Amino acid sequence: LHLTGKPMHSAAENLPENAILFARSMGPAELLDYDRRKLQGVVLEEGSSASHVAIVARALSIPVLGGVAGVIAKVEPGDTVVVDGEHAQVFVRPVSDVITAFHQSLGLRRARLAKYAAQRDDPPVTRDGTRILLLVNAGLLIDLSHLDETRADGIGLYRTELQFMVRPTMPKAEAQTAIYRRVIEQAGDRPVVFRTLDIGGDKVLPYLVKYPEENPAMGWRAIRLALDRPALLKVQLRALLTAAEGRKLHVMFPMIAEVDEFRRARKLLDREVQRLVNLRKPVPESIAVGTMLEVPALAWQLSSLLPLVDFVSIGSNDLMQFLFATDRGSPKMADRYDPLSPSMLGFLHWVVQQCRAANKPITLCGEMGSRPKEAMALVGLGVGLHMDELQQDLAAAAECHATGRRHHREGGVFQGAVGALAAGRGAEPTPSGAGERLAARGAGLGGYRHAIVT
Ligand code: PEP
Ligand code: MG
């Protein structure tokens, strides 16, 4: 257990081996400061599963619990701690029986993973013959290995801002190009949908002055910031175009709320293409440009938006937050509204109908798609591509994000359902034997939360 009360950066530098970190709250950039080889788990008094710290933790396979009220007062540095990511429980100073039970549970989990691994090569086809594309979410270089591990069809959401968040200074155009090139090369023939910078909200860049706002999730973020500071977006677009030379490029803009925002963003892209052409520099073989649908208002502009876009991807994390007026980072709100409620399903149905009528691929890239039941509902709604559509336009395949099994990389496509770790004074039982169990009335946010439906 690591509990210093010191500022994050010094704590990050002095992280002991095999550490579990307790904090009141944490942003994704702060988590990335820690050495993930040493960090075995994170327990937060605040935080919810749709928060970006949870998303990044899942990418790193670090179990994270959120919403564990008052936990910091109950732990001491050096305590032995077990974090159960599946059942959202933290055990502080557990008795030896608890530790033994968790070791057994980890053994079972390994066996379950082996079983899922054996199914990895089964084609993801529904019983009525619909081929579902399985795409992963990515953003860190570590994510790239999941492409092969999971046999995914491609990367449906590449969160470009994560690479900006792990650096102490803004990456220059060449550095960005190198990152994107590496991603594209590693993906090979598999499509990668690059989402342009989605900074703001809880995604803070250490080197950009934060604009103080009362509701940053609804504030100056993502495409709003990008259109007001176009130099940032231009450099990024240039880097993407250069990295994708001679290949297919998929670009997607985040937080579009009005058609005109998409138009303006696309214009910037077109200008960058033209610039490269004028300079006789190489350009991609083809470019597909899409929008995220996270702001409900956009759904009522689809008739004018769809002719302009090549694909639509629903960001259910933000969409839920705005549809239900519920803070995605608030543990108290975490399970309050159901993504399978009539309002959400009705909304999605409407959007899918519009996209299908316009013959535009529609996908979903938020956490909703990583839950088995929700994923099946999405397949039922038609979020995703059918085989015949796929054959019509293979490039558009990048935009499908749904599965009858499960598809997101969070938790690993074929990972099972328990994250349990012992840390602190090794995995040995504490001599006192007086174990204390802290029930985490929060969510298991990271690691191995999701089961698989076959
Ligand atoms: C979303 O909002 O659903 C999404 C995929 O984007 P992010 O989680 O990065 O906001
Ligand atoms: Mg979003």
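Helix packing

Modeller: Helices α5 and α7 are roughly parallel to each other. This is a predicted model. Their packing angle is about 10 degrees, and the axes are 10 Å apart.

Biologist: Which residues of α5 and α7 make the contact?

Modeller: Leu141, Leu144, Ser145 and Leu147 come from α5, and Arg182, Val183, Gln186 and Ala187 from α7. By class, five residues of that contact are nonpolar, two polar and one charged.

Biologist: Are Glu294 and Asp318 buried or exposed?

Modeller: Both are buried.

Biologist: Which arginine meets Asp318 in a salt bridge?

Modeller: Arginine 221, at 3.1 Å, N to O. Arg221 sits in the loop between β8 and α8, so its pairing with Asp318 in α12 links parts 97 residues apart in sequence. Arg221 counts as buried at 3% relative accessibility. Salt bridges with shared partners join Asp318 and Arg221 into one network with Glu161, Arg195, Asp198, Lys203 and Arg328.

Biologist: How many salt bridges does the count come to?

Modeller: The count is 17. Among them is Glu46 with Arg24, whose closest N and O atoms are 3.0 Å apart. Glu46 is partly exposed, with a relative accessible area of 32%.

Conventions. Residues are numbered from 1 along each chain as its sequence is written. Chains are lettered from A and ligands numbered from 1 in the order in which they are written. This is a predicted model: local features need pLDDT of at least 70, side-chain atom pairs count only at pLDDT 80 or more; totals for chains, interfaces and linings use all residues. Side-chain values use heavy atoms; hydrogens and water are left out. Axes are lines fitted to C-alpha atoms, for helices over the stretch in contact, and angles run from 0 to 180 degrees between N-to-C directions. Helices (H or I, at least four residues) and strands (E, at least two) are DSSP runs, numbered from the N terminus. Angles under 35 degrees count as roughly parallel, over 145 as roughly antiparallel, 65 to 115 as roughly perpendicular and the rest as oblique. Contact means heavy atoms within 4.5 Å. Ala, Val, Leu, Ile, Met, Phe, Trp, Tyr, Cys and Pro count as nonpolar, Asp, Glu, Lys and Arg as charged, and the others, Gly among them, as polar. Buried means under 20% relative accessible area, exposed over 50%, partly exposed in between (1.4 Å probe, protein chains only). A salt bridge is a side-chain nitrogen of Lys or Arg within 4 Å of a carboxyl oxygen of Asp or Glu.
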